[in-house]
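This report looks at a few side chains and at the rings that pair with one another. Please keep the structure in view while reading.

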Amino acid sequence: MLVVRPAGPADLDFLLELAILSGPGFTSLPEDPDQLAERLDLSRDSFGAAIPAQERWYTLMLEETETGDVDGIASVKAAVGLKRPFFSFRVNSNTSSSPSLNIRLEHQTLVLVNECTGWSEVGSLFLKADRRKGGAGRLLSQSRYMLIGAQPDLFAETVLAELRGVFTPDGACPFWDHVAHKFFPMPFDDADMMTGSTDKQFILDLAPRHPIYVELLPEPARAVIGKVHPQGVPAMALLESEGFRPNGLIDIFDAGPTVSCARDHIRTVRDARKLTVAIAESVEAELPSLISTDNVGAFRAVRQRTHIEGNIATLTPETAEALRVRAGDTVRVKS
C-alpha cells in the first residue's frame with residue numbers, strides 16, 4: 001500500500017536519491033547532502049511543532065509499506081519571503097499609442113518583484129519514473145492539501161506553487177542562457193544552490209533594476225516565458241484541477257510559471273469531510289477515496305476504499321494500520 005507520511009532525518013538516503021533523479025532546475029531538491037539533511041531536520045521540527053508556525057517546512061514522503069521504498073516527495077512551506085525575499089519577475093503588459101499616427105502597441109515587460117511575502121507554498125512534487133502512473137502522483141499531490149486542511153490556521157490565506165521552467169534534453173535552459181545569465185555570470189547550478197542556501201542578497205545586488213522588454217529578447221528566451229518543463233505538465237494539470245491559476249509571475253532564472261489559489265478555495269481543502277472511523281474486515285465502495293488523519297503532527301494519507309454512511313467512514317484493518325488510526329478517531333475523506 002502507498003502511504004504519504006512525514007519525512008525526517010532517517011530519510012536522507014532516500015531524499016538524496018530523489019534529488020539526483022530530479023535533474024537540473026529542481027531548486028527545492030539540490031544534490032547537496034548537507035542542505036538535504038538540514039531540510040529533513042526542519043521537517044521533523046515542523047511536524048513536531050518545535051519551531052514557530054510560519055517557519056515550518058513540511059516534507060512528505062510517498063512510501064510503499066510492503067517494501068519500505070520511498071518513491072516520491074512533496075512539501076508545504078507555511079510561509080515564504082519572511083526571512084529571505086521571494087523574488088519573481090512579473091510579466092506586465094504596457095500599451096503605448098500615437099493618435100496622430102494611428103498606431104497602438106502592446107509591449108510586455110519583466111519587472112523584478114517580491115509580492116508573495118507570507119504566502120504558503122506547495123512544492124517539491126517529484127516521483128520516480130516508474131511511479132508516474134496509477135494515481136500515485138495524484139495521491140502525493142493531494143496529500144499536501146489534506147495536510148493544509150487538517151489545520152488551516154497554520155497556513156496562509158493564499159497558497160502558491162512554482163513550476164519548473166523549460167530545459168532542453170541536454171540540460172540547457174534557454175531563459176537562463178539568453179537572459180538571466182547576463183545578470184548572474186555563474187553556472188545555473190551555482191545560482192540555483194545559492195538561492196536555497198543564502199539570504200538571496202546576491203539577487204538584490206545583481207538583478208536588473210529596470211524593466212526588461214520581452215520583444216528585445218532572443219526568440220528562444222521569449223518562447224519559454226511562463227512555460228512548464230515537459231516533466232512538469234502533469235503537475236500543472238493537477239494544480240489546475242485544484243483551482244490554481246497563473247498569476248503573472250515567473251521564476252527569475254528559468255521563467256517557469258507561478259500559480260496560486262485562495263487556501264479555502266483549493267478543491268481538496270474545501271471538499272474533504274471530517275468523519276469518524278469504524279473498522280471492518282471488508283468494505284463496499286465503488287471507488288477508492290483520499291483519506292488522511294486530521295492532525296498535522298501525526299499526518300498520514302492513503303487512497304483506499306472506504307464505506308461512508310452518515311458521519312462514519314468504515315476502513316479495513318490494513319487501511320487503519322497504514323493511517324495509524326483506531327475506531328472512534330477522526331479522519332478527513334475526499335471521495
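## A buried residue and its contacts

Ile212 has a relative accessibility of 11%, so this residue counts as buried, the cut-off being under 20%. The model is a predicted one. Ile212 belongs to strand S8, which covers residues 212-213. Beyond its neighbours within four places in sequence, Ile212 is in contact with Phe89, Gln108, Thr109, Leu110, Val179, Phe183 and Leu217. Leu82 is 130 residues away from Ile212 along the chain, and the C-alpha atoms of the two are separated by 27 Å.

Leu105 lies in strand S5 (residues 103-113). With a relative accessible area of 40%, Leu105 is partly exposed. Together with Leu101 and Ile103, Leu105 forms a nonpolar patch on the surface, and the accessible area of the three is about 280 Å².

## Aromatic rings

The structure holds 10 aromatic pairs. Two of them are set out here.

| Pair | Distance between ring centres | Angle between planes | Type |
|---|---|---|---|
| Phe167 and Phe188 | 5.3 Å | 90° | edge-to-face |
| Phe184 and Phe253 | 5.4 Å | 80° | edge-to-face |

Phe184 is in the loop between H4 and H5, and Phe253 is in the loop between strands S9 (245-250) and S10 (257-262), 69 residues apart. Both Phe184 and Phe253 are buried. Phe167 and Phe188 are buried as well. One aromatic cluster is formed by Phe167, Trp176, Phe184, Phe188, Phe202 and Phe253.

A ring can also lie under a charge: the charged end of Lys77 sits over the ring of Trp57, 4.3 Å from the ring centre.

Methods:
Residues are numbered from 1 along each chain as its sequence is written. This is a predicted model: local features need pLDDT of at least 70, side-chain atom pairs count only at pLDDT 80 or more; totals for chains, interfaces and linings use all residues. Side-chain values use heavy atoms; hydrogens and water are left out. Helices (H or I, at least four residues) and strands (E, at least two) are DSSP runs, numbered from the N terminus. Buried means under 20% relative accessible area, exposed over 50%, partly exposed in between (1.4 Å probe, protein chains only). Contact means heavy atoms within 4.5 Å. Patches are made of residues with over 30% relative accessible area and no salt bridge: like charges are joined within 9 Å, nonpolar side chains (Val, Leu, Ile, Met, Phe, Trp, Tyr) within 5 Å. Accessible areas come from the Shrake-Rupley method with a 1.4 Å probe; for residues, only the protein chains shown count as cover. A salt bridge is a side-chain nitrogen of Lys or Arg within 4 Å of a carboxyl oxygen of Asp or Glu. Rings of Phe, Tyr and Trp (its six-membered ring) pair if their centres lie within 6.5 Å; planes under 30 degrees apart count as stacked, over 60 as edge-to-face and the rest as tilted. A charge sits over a ring if NZ of Lys or CZ of Arg is within 6 Å of the ring centre and within 35 degrees of the ring normal.
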